[in-house]
Amino acid sequence: MRRIIEILGSSLNLTWQEFKSHKTRTLLSLSGVGFGILCIIGVLATVNSLEYAVQQDIKALGSNTIYIDKWDYSAGDHDYPWWKYVNRPTPKYDEVELLRQRVPAIGHIAFNNNINAPLEYNGSVLTGLNYYGVSEEFDQLQPVEVGDGRWFTQSEFEQGTGVIVLGYLVAENLFGSDVKKGIGQELKLKDGKRAVVVGILKKKGKSIIGGWDYDNNTLITRNFMKTMAREDWTNPSILVSGKEGIPLEQLKDELLGAMRSIRKLKPTQEDNFSLNDINALSGFATGIFDGVNKGGWAIATLSLIVGMFGVANIMFVTVRERTSQIGLKKAIGAKKITIMTEFLLESSFLCIMGGLLGLLVVVILTFILSAIFGFSVFIAPGIIMLAITICVVVGIIAGIIPASIAARMDPVVAIRSK
């Protein structure tokens with residue numbers, strides 16, 4: 001153990017002496033390794049952070065949830081005439097109750113529709129807001145958390161009472177930073193309709209894919225929405241989740257049969273509705289990010305190969321400069337494996353130095369990218385360990401030939417070369 005520590009200390013000291021003696025040459029040679037590590041850590045960290053944020057946004061659409069809609073959310077993946085979707089009938093609220101009766105696998109089911117309209121309070125007007133009209137159980141399918149106030153009561157759902165739950169940023173724009181004072185205030189809605197604020201949602205943060213964007217929108221009951229707009233014109237959809245232990249595919253099969261039965265479709269007729277599986281969107285996103293990762297690895301590999309040749313060049317020069325030292329070591333009993341290990345460790349340390357330079361640049365970039373993208377870019381510990389491992393492997397490969405030459409030197413010839 002002591003011998004190993006001595007070899008490590010000696011290699012580290014020689015590496016540092018090499019760097020101090022030839023700063024410019026060493027830095028230029030290490031720039032390839034540094035850039036390769038920069039590519040690996042940068043791409044993996046950015047993609048992993050982006051994928052995490054997107055997956056969280058997809059989960060916000062409803063984990064293990066199926067959206068019954070006239071539109072196919074993955075329609076862009078295949079050639080399908082858009083006008084066929086346009087001509088499909090929209091989901092109806094009556095279908096919610098029929099599905100509940102006919103599909104035992106359903107755990108929760110809710111109706112949702114939306115309109116775009118302004119909102120006014122004490123002369124302040126917010127435009128371009130989405131009003132979501134929701135039925136009972138919506139909060140069981142969506143991660144809507146009320147921070148202040150409360151959610152809708154059963155009687156408000158049934159009677160279509162004029163009450164409203166605001167997104168956090170909507171409340172902040174209307175009432176200032178103390179959003180709690182908005183509870184109980186009366187707002188003016190579309191066409192002079194009025195509603196009392198009963199709840200304010202917890203702040204969710206910026207969404208990458210858009211989604212529901214609860215911070216910037218509002219929720220009302222589905223029956224209250226009916227007094228503001230015709231239901232067919234409000235982009236209705238039905239959200240369904242299965243009971244615990246029910247596979248999503250089983251739920252989907254049962255929904256397919258039930259919807260075809262409800263809409264009285266003949267066996268030869270194609271579906272006039274879509275069952276959109278949110279989990280499928282998650283898999284699709286993962287596939288995209290895997291492709292980006294592969295591109296990053298390709299760039300990084302080329303950079304590491306260039307860096308490897310740079311480090312190998314340093315090691316060849318180092319072997320030539322230390323020929324007499326190598327001869328003396330061998331003359332006093334140093335074994336081939338010892339000489340070889342010292343040079344391989346030195347080569348690895350050089351690559352690690354290059355990797356640390358790349359890591360430093362990435363850390364700085366994470367703060368910049370976090371500010372630009374609006375979501376946290378982080379470097380997972382596993383990525384750092386991977387980068388260090390790559391540096392060691394690249395160092396060993398770059399130094400294997402110079403180290404072998406040093407280990408095979410004849411001590412007498414090496415000493416005379418001084």
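Q: Which residue in E9 does Ile106 stand opposite?
A: This is a predicted model in which local features need pLDDT of at least 70 and side-chain atom pairs count only at pLDDT 80 or more, whereas totals for chains, interfaces and linings use all residues. Residues are numbered from 1 along each chain as its sequence is written, while side-chain values use heavy atoms, with hydrogens and water left out. In E9, the residue opposite Ile106 is Gly242.

Q: How many bridges join E2 to strand E3?
A: Two strands count as paired if DSSP finds at least two bridges between them, and strand E2 (residues 106–121) meets this with strand E9 (residues 237–242), to which six bridges join it in an antiparallel arrangement. The number of bridges joining E2 to E3 is nine.

Q: Which residue takes a positive phi in the hairpin of E2 and E3?
A: The hairpin of E2 and E3 has two residues between the strands. A positive phi near 50 degrees is taken there by Asn122.

Q: Where is confidence highest in the protein?
A: Confidence is given as pLDDT, the predictor's value for each residue on a scale from 0 to 100, and the mean for the protein is 81, with 82% of its residues reaching 70 or more. The lowest confidence is in helix H1 (residues 2–21), at a mean of 54. Where pLDDT is low, the predicted coordinates should not be read in detail. Confidence is highest, at 97, in strand E5 (residues 163–166).

Q: Is Tyr85 buried or exposed?
A: Rings of Phe, Tyr and Trp (its six-membered ring) pair if their centres lie within 6.5 Å, and planes under 30 degrees apart count as stacked, over 60 as edge-to-face and the rest as tilted. The rings of Trp71 and Tyr85 have centres 6.0 Å apart and planes at 35 degrees, so this pair is tilted. Buried means under 20% relative accessible area, exposed over 50% and partly exposed in between, with a 1.4 Å probe and protein chains only. Trp71 is partly exposed at 35%, whereas Tyr85, at 4% relative accessibility, is buried.

Q: What distance separates Arg222 from the ring centre of Tyr93?
A: A charge sits over a ring if NZ of Lys or CZ of Arg is within 6 Å of the ring centre and within 35 degrees of the ring normal. The charged end of Arg222 sits over the ring of Phe111, 5.8 Å from its centre. Arg222 also lies over the face of Tyr93, where its distance from the ring centre is 3.9 Å.

Notes: Helix = DSSP H or I, 4+ residues; strand = E, 2+ residues; numbered from the N terminus.
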